[in-house]
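Hi everyone, thanks for coming. Let me put today's structure on the screen, and then we'll walk through it together.

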Amino acid sequence: MQLEKNIYLIGFMGAGKSSVSQAMAEYSGLREIDTDEEIVRREKRSIPEIFEQDGEDYFRKLETDLLRELSGRQGLIVSCGGGTILKEENRRLMKESGEVVLLSARSETIYERVKGGKNRPLLNGHMNVDYIAELLAKRMPCYEQAKTLEVVTEDKTPEQIAEEIFTNV
């Protein structure tokens with residue numbers, strides 16, 4: 001499969017970005033890049049370590065630097081960290097260089113998907129549905145501004161979601 005642009009997957013943590021991007025790569029043969037994994041690989045430390053040692057602002061700068069690099073390429077499936085859309089520059093870079101697909105799910109579903117994880121620094125001490133719903137509501141205007149397509153991930157397999165995305169971009 002050939003793509004003249006990138007496909008960026010955005011959404012809250014636990015919405016399914018990583019599993020859907022992997023399914024999309026398998027389905028299409030396109031290269032998949034998970035921005036969180038790429039940052040961890042380049043920094044040689046985990047996201048919680050980056051947050052603890054250098055803070056969230058530093059992590060967000062790493063995201064922007066990586067997006068600048070990826071936006072100069074084409075034919076990539078890019079799974080973005082949940083907060084990538086917080087910066088206007090990031091939203092602009094994604095929209096200028098590709099389709100931006102919002103993967104969405106209810107806060108209860110997100111909680112069920114992430115409750116066992118330890119790699120979510122923003123949820124440390126706040127692992128509950130109400131906090132997730134509050135954070136999701138704060139981010140929703142940025143998600144809405146960035147998206148060119150929205151796919152609800154409730155009760156669908158990553159493969160079904162991948163097919164829906166490729167049908168609509």
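I'll start with the sheet and then turn to one helix. This is a predicted model, where local features need pLDDT of at least 70, side-chain atom pairs count only at pLDDT 80 or more, and totals for chains, interfaces and linings use all residues. Residues are numbered from 1 along each chain as its sequence is written, and side-chain values use heavy atoms, leaving out hydrogens and water.

So, the sheet: five strands form an open sheet, ordered β2-β3-β1-β4-β5, with parallel pairing. Strands here are DSSP E runs of at least two residues, helices are H or I runs of at least four, both numbered from the N terminus, and two strands pair if DSSP finds at least two bridges between them. The edge strands are β2 (31–34) and β5, each pairing on one side only.

Let's look at β5, residues 149–152. Strand β4 (residues 98–104) pairs with β5 over four bridges, and leucine 102 stands opposite glutamate 150.

Now the helix, α6, residues 129–146, which holds arginine 139.
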